[in-house]
Every structure is written in structure tokens, then in C-alpha cells.
Amino acid sequence: MNSVAFYLLLLLISVATPPITTATTIGVTYSTPPSISTSAALSPDRIAAQVVSMKIPAVRLLDSSPSMIRAFAYTNVSVFLSVPNPLVPLLASNRSLAMRWCYRHVLPFYPRTKITIISVGNDVVSYSPDVSPFLLRAMQNVHLSLADLRIYKISVSTTFSFFNVVPTAFPPSSAQFQEPTGEVIIRPILQFLERTNSSFLINLFPYNMYRSSFSIPIGFALFEEGPFNFRDDLTTGVRYRNLFDMMVDAVISSMAVMGHENLPVIVAETGWPSSGIDAGEVDATLLYSEMFLKALLAHLRSGGGTPLRKEGVAEVYVFELVEKESKQGIRNWGLLHHNMTSKYSFEFSDGGGGKGGRFMEVLVGFFVEVVMLCLLM
């Protein structure tokens, strides 16, 4: 091989080798609908097949039924389980009940089903404040039960809601957890997460933040570029160009105040509703929902992270896979209608590269041709 071909080959290898990125794992949430006319069609196997066909790499099961966990066996889809709020005090008070929960929801399926994390409770501070004091003990009992079963790769955490634990999102550098919840509930949980190499889980909805403040432009919430679609944190000198990053960094700053700024963050729920509770929710539309989701996916896949955390959040779960049957008084969030047809014109999966991937294919093909010509000379 002559020297020109050799150097061209080295260049080809460097171009063809994909860079190491920190793109976030993007999943969806799913909860079994109540008894409705179409519930018979929404079998666990059908839901699992739908997730696989959409090339979604992770799913959060909000009710964690054993039949649904079993349906994801051998699919290579990561599964995020949840312990219902009413069970939290029981698991906290009785270690054997925590073991029994693991025997029913984990042991029969793992590792054939790729269970990666268990959230003990979901937004307990908001929905079940009397249960909050039991959170840490319940998490410890589930963690110890998994260890007794010699299962060490499933992390245990709990899920908080942004609005109920971070009272002020701007500027992010000044954010702190709501007191007394921060000191009494969150600080010892952060210490547990640090010791067990787990993640901080947060439900984070830019839609709710946008609705709560008239000063936030719709474009800032929808990731749109524009002359007014930014916010400057004067303390850090950071410019925020979307509301999602601003809220994530407010969580990171709140953890930093308690000495745990390096804990991984998982956004356990996010999204934008396609319809609202009433006519007053004029921004809960299919158009805005699609704009938000497309921009969110593109932003997360870019691997750019947030201003305060370049690696970004570890995982993000879009709420939700299938919406409930349409009725008055509820918001609709689903990627799919309740009959499993798609609501949106875009694909959840980018198919492996998009325009950037196609450009790389063309470039690599060009260099292959050049190298072959040099070898034939």
C-alpha cells in the first residue's frame, strides 16, 4: 500500500468511527388503562410489541403489573418499575413485605426483562404527604431485599415532582429545594442515592411552568430560536435557550446546595398535552404538543446536555405512550390514541442518524472510493 493510500485509510477510519456522545436515553411511560371498551385489545404483549416497533429503548411502567413486566422479556427494552404510593408505608414497616414485592415483581422476570430501576412511590410529597416520612425506609428495605436476592444492578430511588420540591426555577443558580421537605425528606434520600449509586428522579413539565408564569414566551417553552426566547442567569453568566434545560439546572443547583451536585438525574415524566381540561388551556394543542416533542427529542439526541451539566440527564421518559379514552375533564398526553393509532406525523425513533447519519454515509463512501483508486494506481 502506498503512503497516500495509507494516510487516506487512516482518515477514513477516523471519519467512520462514531464519536463518543452523551445522548440521553429516551423512553416512554405506560400505565394500564381502567376498564374501558378497548382494554381487551391493549394486552401486555401488544403494548410491548408496539414499544419495540417504535424502537423505544426504555419504558416506565407506572403500575408495574407482573403481566406487563413479563411481556418485555427478551425485548432489550430497559424497564423502569414503580411501587404504588399506598404500598410505601407497608414496605417501610415490614421488611418481609418488601421482599415479597421483589419476589412478585422482580425475581420471576429478571434478567430476561431488563429491569434497571425501581421508584418507590411517585410524587408522594404531593399526592400522599402523610406517606413521605416512610419513603427512605421503604427504599432501604427494597434495596436490601434485592441484595438478599443477589440482584445488585437494579437501582432504587423515588420520584419527586418539580413543582412540589423546587419553588423557584429562575435563576437556576439560586434554586433550592422547598423547605422543610428539603431537609427532612430529600437530604437523607440524596445521601442514600449517593451510597447506592442511584439516580435522582424528577417529573418535569415545562408546560406547567409556562402556564404558571406570564413572563415565559411560548417559544422558550417549545425550544424555538428567537430574539426573546432566552433567559440569562446573571450569577453564572449562563444563557438559557429553552425552559427544559433551565428546569433541569434548577434541580442540579438544588442538589448542589445539599452537596450532591454529581448525582445522575433522570426525568421520569415530561411532555406537552395535546388537549386541556377546558377551553381555557389554549396552548394545550396537538400542534404545540408535536412541536415540543420533536424539539425535545432533537435536543436530547444532540448530546449537548445543559449549561450546568454537559453530559445532560441520564434518561428522559415522555408521558405517555397511550392516552386514555377521550372524555371531559382530563388532559391528553399520549403519543398514541387509545386505539393505538399514532397522533403525530413524526417518528419517535430517529432511525439511526437522520440527516447527519446520511451525510456521514456519503462522506465515508467517497473516501472508500478514493482509497480504492489509490490502491489500484
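This note walks through some features of a predicted model, point by point.

1. **Helix α13.** Start with residues 286-301, which form helix α13. At 1.5 Å a residue, its 16 residues should span 22 Å. The end C-alpha atoms are 22 Å apart, so expectation and model agree. After α13 comes Gly303, with a positive phi near 75°.

2. **The buried side of α13.** Which residues of α13 are buried? They are Ser289, Glu290, Phe292, Leu293, Leu296, Leu297, His299 and Leu300. An α-helix has 3.6 residues a turn, so residues three or four places apart point the same way. The cover over the buried residues of α13 includes the strands β1 (25-30), β9 (265-270) and β10 (315-318). It also includes the helices α10 (206-212), α11 (218-221) and α12 (243-257).

3. **Trp272.** This residue sits in the loop between β9 and α13. Is Trp272 buried or exposed? Its relative accessible area is 1%, under the 20% cut-off, so Trp272 is buried. Leaving out residues up to four places away in sequence, Trp272 touches Pro206, Tyr207, Tyr210, Ile218, Ala221, Leu222, Asp283, Ala284, Tyr288, Ser289, Phe292 and Trp333. Two of these, Ser289 and Phe292, are among the buried residues of α13. The C-alpha atoms of Trp272 and Arg331 are 9.6 Å apart, although 59 residues separate the two along the chain.

4. **Aromatic pairs.** The whole structure holds 14 aromatic pairs. Take Phe162 and Phe163: the ring centres are 6.5 Å apart and the planes stand at 65°, so this pair is edge-to-face. Phe162 has 1% relative accessibility and counts as buried. Phe163, at 40%, counts as partly exposed.

5. **A pair across the chain.** Tyr207 and Trp333 have ring centres 6.3 Å apart and planes at 90°, so they too are edge-to-face. This pair links distant parts of the chain, 126 residues apart. Tyr207 belongs to helix α10, while Trp333 lies in the loop between β10 and α14 (354-376). Tyr207 is buried at 0% relative accessibility. Trp333 is buried as well, at 10%.

6. **The aromatic cluster.** Which residues form one aromatic cluster? They are Phe205, Tyr207, Tyr210, Phe223, Phe244, Trp272, Phe292, Phe319 and Trp333. The cluster takes in Trp272 and Phe292, which touch each other.

7. **Charges over rings.** Arg239 has its charged end over the ring of Phe230, 3.9 Å from the centre. Arg231 lies over the face of Phe220, with 5.6 Å to the ring centre.

8. **The largest pocket.** Its space is about 660 Å³. The lining has 27 residues. Nearest the centre of the pocket are Asn122, Tyr127, Phe205, Glu269 and Phe319. Phe205 and Phe319 also belong to the aromatic cluster. Which elements give two or more residues to the lining? They are β3 (78-83), β4 (114-122), α6 (124-127) and α8 (162-165). Helix α8 gives the most, with 3 residues.

9. **Cis peptide bonds.** Most residues other than glycine have a negative phi, and most peptide bonds are trans. The bond between Phe170 and Pro171 is cis, with omega about -5°. Pro171 is in the loop between α8 and α9 (181-195). Another cis bond runs from Phe319 to Glu320, with omega near 5°. Glu320 is in the loop between β10 and α14.

10. **Positive phi outside glycine.** Lys55 is not a glycine, yet its phi is positive, about 60°. It lies in the loop between α2 (44-53) and β2 (58-61). Lys55 has 57% relative accessibility, over the 50% cut-off, so it counts as exposed. Asn76 also has a positive phi, about 70°. Its place is the loop between α3 (66-71) and β3. Asn76 is exposed, with a relative accessible area of 59%.

Key. Residues numbered from 1 in each chain as written. Predicted model: local features only at pLDDT ≥ 70, side-chain atom pairs only at ≥ 80, totals over all residues. Heavy atoms only, no water. Helix = DSSP H or I, 4+ residues; strand = E, 2+ residues; numbered from the N terminus. Expected span 1.5 Å × (residues − 1). Buried < 20%, exposed > 50% of the residue type's maximum accessible area, 1.4 Å probe, protein only. Contact = heavy atoms within 4.5 Å. Phe/Tyr/Trp six-rings, centres within 6.5 Å; stacked < 30°, edge-to-face > 60°. Lys NZ or Arg CZ within 6 Å of the ring centre and 35° of its normal. 1 Å grid on protein atoms, 1.4 Å probe; cavity = no way out; pocket = protein on both sides within 12 Å on 5 of 7 lines; lining within 4 Å. Points joined across faces, edges and corners; volume = space filled by probe spheres on them.
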